[in-house]
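Student: I'd like to learn how to read a structure like this one. Can you walk me through it, one feature at a time?

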Amino acid sequence: MTELNDRTSAGWPTAAALRLWQEMLADQGERRLVLVEGNAADARSYARDYAATVGQSASGQTLWVGDKQPGLGSVTLIPAHQASRWLGRELDLVVWDGWQGTPPDAFAAIAGTLRAGGLLIWLMPPLDQWPTFADPDYPRTGLADTAHHPFAAHLASVIAGDPSVLRLNREGMTPSDLSLPAASVGFCPGDTPCQQQAIARIIRTGEGRRRRPLVVRADRGRGKSTALGRAAVHLLRDKRERVIVTAPRAEAVDHLFSAAQAAWPEASRTPFSLATNGRELVFIPADVLLRERPAAELILVDEAAGLPAPLLESILASWPRVVFATTVHGYEGTGRGFDVRFREVLDRLTPQWQSCRLIQPIRWRSGDPLEHLVSRLFLLDADSASLAESSLASQVTIERWQPAQADLAELRQAFGLLTDAHYRTTPGDLRQWLDDVQAQSWIARTGEGAIVGVLWLTREGGLDAAMANSVMRGERRPRGHLLAQSLASHGALAEAAMARMARVVRIAVHADLRSQGVGRQLVEAARQAIGAEGLDLFGTSFGATPALLRFWQGCGLKPLRLGLHRAASSGEFTVQMGAPLSTDGQQVIERLAVRFAEHWPWLLVNEFADLDVALVWALTDSWHAAPPLSVADRSELVAFSEGSRQFELSRLPLLRLSLQAGIAGNLAQADSEGLWCRAVLQHWRWEALQTAGACSGRKQGERVLRDMARSALAWLDQQ
């Protein structure tokens, strides 16, 4: 086969040879990485010539990721930050111009778009230069001033040890031969038994009893979206009239609709709907879905792990039949965090929920070299350690740890903990952890040596007065100072940006040892070490839930502010907490907490009118800042509790009573704590209170509030 051995003057495969190799790979069901090492101009020229060859073929689509236009009409150019929009589509060739930056999340995502025979051509400097290569993506992450990059060194080490990678450099090419072992049976993309079983399970959910949702879990390329599309068509051709699809992005359901259209050719297609004879499959964005709550016999949630847990919970509670499909080892890094957190919701709301998993790939063969390589590069399949039954939290030791210096087995264990415990842990997080020179880490280790806990923090703040004042005024947002700049800007306190602080980025404990004090041991070890270095403040920032708030309060941290918007990743409001390590730190914390406590009652009425009741009480208990009750307050409260004063004329003293030290904690234990929270603190109307089930009507609600006011006053008088 002469063409396969044809070479350019540089010793690289000619376009004809590479195209033939690609056809051979397609026959074997494999995909490969082609690493073009050398100067940028030569690498781009080679990739451009080959992309032009592929673009002339009738099949497939070629994508060029970068900012420099290759000048080919048959090639689609996109910037790296748009790579995730292509998930769910199928490509034959992707050229990634690494000279213009390689965001790990986007690179890992785009690899999932290649079908059997696909090539990912990566243009990069020579492999031995990667640890010191100034990737243009670094300034976006605050890593631009770092001279050495352990993450890039890790990538280079994995690639150097992988014989499936075709490396083209000044020495020629490695391996020197493109021939492949003959396949006994040619690969043909098609249905798998797993996919057929998933389709049957989805249909059963759509036709079956209410409140029995199905969770479909799969790695990339397993036919999850195809299964959803085909099952939806089966249901619409049979008994159902409307099936709604939702997902984090409209582009994510493109493959689902293509599969549905192939199975339902008589239906009319718009970009995001299929319909005929009064039956419809339609895409509706999740926020619109929940706002409008349209009728549907089945809701399909594709890429569910990319949606915040509170939103998924609302979908689950609002429709009788729901299928959630999610990627386990996803390039977005969300799958197993979804498993951990959403499973609790499913168990609570729909204990008879079902699950199935797609294991066999359909777009490439099992054991595909590119899938294996991408998993190793970005630790997508990292798992926490398996523990012996004898492992006890009391036998755990805490130690300082450097992830950049750890062997791969330990790094996989530690990163697996973060992936399991957090809703969204991405390849970009791995890079930040390894490369940030301000990062410090601690681990908890069992007597057998297994890593069962990890804490990752980074140092922030310490800005000079001029910069700190610019941050406070919102004129500057220096990277790498998330907590410091947020506290200074939102708290209108320049001293917060001047304070030297440590922010806990992530903390995770093995599922078998949670709620046994391991997390607190990690926090205490880190706080003592940071305090010894002379820092001012120890803090953290996270999506607020009652359980997490209790944990951090138990570690001695105090809430400093609550963000006004829900975070895209967690769907929760972000709470920032801190503990002082110096006199300056104590002053910053006191000023921030006191001032936010003054804002708190007003924010609750509007910005936080729907905030979780347990969070309202926990934060109110932390932020009591009201002066003692006046004589007038007490007189009006007594009159209200005795039934001689209207509720609307008693809101002011009831609010002031709520803000007295210890009262919030006391009221939170009452049977009707939700009614008091919604009526007094969040100013819900009686109609809304009745609809939410907080009371049966105004008369009954006022009677309960009068009794609670009487008990709260009596409790306060006893203190």
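Student: Let's start with Trp 552: is this residue buried or exposed?

Tutor: This is a predicted model, so everything here is read from predicted coordinates. Buried means under 20% relative accessible area. Trp 552 has a relative accessible area of 3%, so this residue is buried. Phe 551, at 23%, counts as partly exposed.

Student: How are the rings of Phe 551 and Trp 552 arranged?

Tutor: Look at the angle between the ring planes; over 60 degrees counts as edge-to-face. For Phe 551 and Trp 552 the planes are at 80° and the ring centres 5.1 Å apart, so the pair is edge-to-face. A search of the whole structure turns up 20 aromatic pairs.

Student: What kind of pair do Phe 596 and Trp 600 make?

Tutor: A tilted one, because their planes are at 35°, with the ring centres 6.3 Å apart. Both Phe 596 and Trp 600 are buried. They sit four residues apart in helix α19 (residues 583–605), so about one helical turn separates them.

Student: Which residues do ring pairs link into a cluster?

Tutor: Trp 96, Phe 107, Trp 122, Trp 130, Phe 151 and Phe 378. Rings can also have a charge over them: Arg 31 lies over the face of Trp 364, at 3.5 Å from the ring centre.

Student: On to sheets. How do I read one?

Tutor: The general idea is that strands of a sheet pair through backbone hydrogen bonds, either parallel or antiparallel. Here you have an open sheet of seven strands with mixed pairing, in the order β3-β2-β4-β5-β1-β6-β7.

Student: Which strands stand at the edges?

Tutor: β3 (75–78) and β7 (172–174). Each has a single partner strand, so one side of each is left without a neighbour in the sheet. On average, neighbouring strands of this sheet are turned by 20° against each other, direction ignored.

Student: How many bridges join β1 to β6?

Tutor: Three, and the two strands run parallel. β1 covers residues 32–37 and β6 covers residues 166–169.

Student: Which strands does helix α3 touch?

Tutor: Helix α3 (residues 104–111) packs on the sheet and touches β1, β2 (62–65), β4 (91–97) and β5 (114–124). The direction of α3 makes about 150° with that of β5.

Student: Now the loops. Where does Thr 426 lie?

Tutor: In the loop between α12 (408–421) and α13 (427–435). Thr 426 is buried, because its relative accessible area is 10%. The side chain of Thr 426 also makes a polar contact of 3.3 Å with that of Asp 105.

Student: And Thr 141, is that one buried or exposed?

Tutor: Buried, at 15% relative accessibility. Thr 141 lies in the loop between β5 and α4 (150–160). Leaving out residues up to four places away in sequence, Thr 141 touches Arg 431, Gln 432 and Arg 479.

Student: What about Ala 492: buried or exposed?

Tutor: Over 50% is exposed, so Ala 492, at 55% relative accessibility, counts as exposed. Ala 492 lies in the loop between α15 (482–490) and α16 (494–498). With residues up to four places away in sequence set aside, Ala 492 touches Met 472 and Leu 487.

Definitions and conventions: Residues are numbered from 1 along each chain as its sequence is written. This is a predicted model: local features need pLDDT of at least 70, side-chain atom pairs count only at pLDDT 80 or more; totals for chains, interfaces and linings use all residues. Side-chain values use heavy atoms; hydrogens and water are left out. Buried means under 20% relative accessible area, exposed over 50%, partly exposed in between (1.4 Å probe, protein chains only). Contact means heavy atoms within 4.5 Å. A polar contact is a pair of N or O atoms within 3.5 Å; within protein, one must be able to donate a hydrogen and the other to accept it, and residues adjacent in sequence count only if both atoms are side-chain atoms. Rings of Phe, Tyr and Trp (its six-membered ring) pair if their centres lie within 6.5 Å; planes under 30 degrees apart count as stacked, over 60 as edge-to-face and the rest as tilted. A charge sits over a ring if NZ of Lys or CZ of Arg is within 6 Å of the ring centre and within 35 degrees of the ring normal. Two strands pair if DSSP finds at least two bridges between them. Axes are lines fitted to C-alpha atoms, for helices over the stretch in contact, and angles run from 0 to 180 degrees between N-to-C directions.
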